[in-house]
Amino acid sequence: MEAIWYKSELADEIIKNNDIFNQTQSIIADVVSGKLDITVLVENMAGVLTSKEVEDRERGMRFFTKVLKEIPADYLTEMQIKFISKFYVDRLKDNHRVIPAVLEGYLSVIDMKHYNVQSSGEYLTALFREVACQSQVRQDRYNIYLTIQKLFIKNVEYMKTLGPDFVYGFISSMDGERDPRNLLFLFNFLPNFLSNIPLGHLVEEMFEVISCYYPIDFHPSPDDPAAVSRNDLAAVLCPCLCAIPEFAEHCLVLLIEKLDSNLRVAKIDSLMLLAASCKTFKYESYGPFLKALWSSLHRELTHKTDEELKLVAHDALSALVSKLSTKAETDQSFENFVKGILISMQSAIAESLTVIQFMEAIKILLTAANTSKQSCILIIKAMIPAILAYYEFKPLVKLQISCLDVLGDMYEMADHWEVLGEMEKEVNEIPQLCLTAVSERAKDYQVSGFKTLIRVKNVLHIDLVLPFVEILIYNIQQSQDSELLSVCVETVHAIARKYPELIMTLVVKGKCDLENLTQDKTALQKRLDLLSNLASIDDFTKIIIEEMLKVITTNDEEASKVVKALSGSISNISLYTEEKVAQIESDHGLISSIMEWLLKSILDESHESLNHGCTLISNTICSLPPEKQSSILSKHSKAILEKCDSNEMYFLILECLYRSTSPTIYDTNFKDIMGLALKLALNSDNQLLRTKACCMVAHFLNKAQSGPNFEILNEVLKSYLTSCSRDNVNILPRLIELYGWITKALILRGNDLFQFWLSKIMISISTSECSVEASEAIKIIMTDSEDCLNTRHHCRTSLLYRQRMFQTFVTLTEKLGPPNTDSEEAYYLSWGYVLEKTPKSILNSQINKVSPLVVDALVYDNKELLKVMLDVLIHFVQSKNITVGHSLQTILPRLINLTTYVKCMDVRIKSLQCLYEIANSYQTRLLLPHKQDILIDLAPSLDDKKRLVRNVAVKARTRWYLVGAPGESKED
Amino acid sequence: MTKIADNVNPNVYEKGSEREVTSSERDEDVVDEIDSREIFDLLRNINDPEHPLTLEELRVIEERNIYVDNKDNSVRVYFTPTIPHCSMATLIGLSIRVLLLRALPSRYKVTVEVSEGTHVSEHAVNKQLADKERVAAALENKNLVQIINQCVA
């Protein structure tokens, strides 16, 4: 049977039967395949489309719209679309019930490929004439806006030809829109529309329609699933208000009015609008409003408490000043505006009593200055003399110090805008003030003075160098304060880069008297530190290093001091680059000289100075390229290896030579050194040597390349351990320490063998004899050590090794089961070491396993253990862990007990801290049952003998008083 | 709440630095006595009921106006209202009292008074603050406790 849409009964069917709406797909298939002509289809619908009943016509239009929506966009020809479009335009005049379907249908028509945009003029005219947009429901209003937007995107040029009538129609259709979603759509579309379509005489009308929403004061209903927030709307409204330069006058009047409002959001929105408007509005538009704008801005910029408001005010000021400075050359108003800022800020500075007030005014000036070259010149040029004068007025100490900092900031800003040339006279005064400041006795003045001087060192006049040097050298020789000392050394360094010859004569040859370095014994160490620091500057390297090396090789008494100074400076990477160290080594033979000294004095120097020598050698080696390293090794190692047979102390030199080698280096000596290191690690009676030997073993295992090299070393290790006798009672603890180092070396390189060694340590934790040593070994694995197994020494370090250690540790403890009573404490302690260093995010995922352990550990009388566990517990409490929250009944008495722990104040402090955090973190209903007890139990801590403990006790107790009391600020 | 603050634009002063931790404070065996600086540190961060400022910034509390006697176990605190007719004087005094009640060991006898000659009804305020019954009664008042807790928090 032929389908109904081939016959004119279709019209009746549409009226009577809802099912027909579901069959549009089949109709379209027939149309597309050519079986049914669209004109025939329309003719068949004639009955319903022209029916006298409104309801029928509505159904007809709905049906037709559905067909048009689903038909492929490229199927209909231009002529067909033209007729359909004409029909739809005609339908706009129909009853209001028909309109929604018409609007929806025409949207699909616009989307058609062959749609001719010329037809839209007629549609829009009819639309604006016949349909009152704001009387439609939300969706239909949306469809109207969407139609306009689509047409606009399709052909902007044609839309421009539609003229003021179109604009007027659009204005009146959106006038009074209330729905936030539609507004969001409109505001997103408007800036584009406004900047393309000329508004003609309708500028004011358009602005009125948009600005009536400003500032947006809207709260979405709480149960709206896709709520539009106030901030969304405000963010899109702002660009509309300043979309075209023609809006300028209206917009500025409006925003000045709203700036004076009491509503905080109105102020913030207005400031943002001001900042945004500077991008589009013309320079001239601001002229008449500048006075009003500055007075409003000034008020917001000096707001006492609202930081966000201040921030947007700064943004607005910066945008405004930079806009004004575009015409600075031709117009006076820029200069007048900036001068206005200067005058009001200078009086604010003069009146300021506190640093906060002072810095507030300075910040405003800096914001204004940092917007353009012209403003920078104007402001900085005026402010430097002003601040210099202010300093002389002798305000408070803190203010004078801030002055020094501010001068440094201003100098850097002028440097950034490359305008230093314009204010030479002014900036040249800064070093003079620095000199005044550093001539004061107080440390604060000196530190700030020198810091500012370092920043402005390029304008330091040669005449001032001498007085500065006098003070600097005096400080360096006399001062005990480490901060001042390091600043002084840094300053000398800075001056030396500017005036190398002068510093050479004044400091190196003069004050430090390089040629007779060791004549004057007083403050020798400090002079040496300064010199070794200066030696990093190319001009000084040769002369200073040569002299120092001469002292090292010839003067026995003072050599160790020189070594200490050199080692300290060279290990500072920011001072000495790798290239620099390599250069010093190749030019002056640094290592040979130090080696010579070490060999000579190894038996009678103190451990500390030997250590400086060793660090110096290893730091130098690690900066050298691999070829250079291996040539140094082959030169020295044989001889030292032989000496080690006579005295084990020589091993120290061997260790520092090999400590920092690159992983690519491997020679025949490695096997012998490994054997020697193992022997010393287990048998030496010298604790230092044993540790160094363990480190050596660890370094070799960590760095050896996988494959034969690693296998050989591993073999040496295994065979040595199987052959060594275990009769010596001392050997067991030493073995465990060695295991710790081996485990660490392997886990760092990501080698799975570490589990074997770790399980050996774990077994000893559960035996009563060696449990303490085993927990020490765990500590070794978890803590970073400065001079071994880190990247500086070219070791392999896997980033996530602590996670891996934690996971393995957890599995191994589960395998071993609970500890016996003798070794319980060590067991918890090793847990403590692991937990302390494991990243907190990992702990959070294992919280149920870990938190009972932490609580159990709180009863042991071991301060190391308690400190670690309390730290972990504080972390859990801060993250509001609920397992901990539910065991407060157990935890609180234990913590209270620890608040009177006599042996260690840190334990008392941490337990009180934990109590404070508990009151801060958990819900009132969990805390309230304990409140009274805790308040009574905390009273004794208020009278603790240590002030630091009392401080925390006060904090905890006053916090507990607030639990559940009126005035407590807590979210839950 | 349209009441305008008594002193709309008070003088604001610089905050002092934090007390530095000395090496003797880190030493387990040395006993640190409670001194006036420590009590000043307790009180300096109390918020003013009218302004978002602390009593230190308004110089209501100053270290030199606090006296501690560890032998007699007595603490005397004198505070200076920002203006002589400040209606908040009693409230500030009460806040100081309450904080010391919570934060000082019970062995101390605490006296809180207005510095001499700085308030019009100095004696009345002092009398109120010294009266234990009245202080206790004030602490029964929920609204009052709320304001005090907000000040001392």
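In this predicted model, α38(A) contributes the most to the lining of the largest cavity, with three residues, where helices (H or I, at least four residues) and strands (E, at least two) are DSSP runs numbered from the N terminus. Local features need pLDDT of at least 70 and side-chain atom pairs count only at pLDDT 80 or more, whereas totals for chains, interfaces and linings use all residues. Residues are numbered from 1 along each chain as its sequence is written, chains are lettered from A, and side-chain values use heavy atoms, with hydrogens and water left out.

**Cavities overall**
- The structure holds five cavities of 30 Å³ or more, a cavity being a set of points on a 1 Å grid over the protein atoms alone where a 1.4 Å probe fits but cannot get out.
- Grid points are joined across faces, edges and corners, and a volume is the space filled by probe spheres set on the points.

**Largest cavity**
- By class, the lining of the largest cavity has eight nonpolar, five polar and one charged residues, with Ala, Val, Leu, Ile, Met, Phe, Trp, Tyr, Cys and Pro taken as nonpolar, Asp, Glu, Lys and Arg as charged, and the others, Gly among them, as polar.

**Second largest cavity**
- About 70 Å³ of space lies in the second largest cavity, whose lining residues include M762(A), F809(A) and Y827(A).
- α41 (754–766) and α43 (801–816) of chain A each supply at least two residues of that lining, which divides into six nonpolar, three polar and no charged residues.

Notes
1 Å grid on protein atoms, 1.4 Å probe; cavity = no way out; pocket = protein on both sides within 12 Å on 5 of 7 lines; lining within 4 Å.
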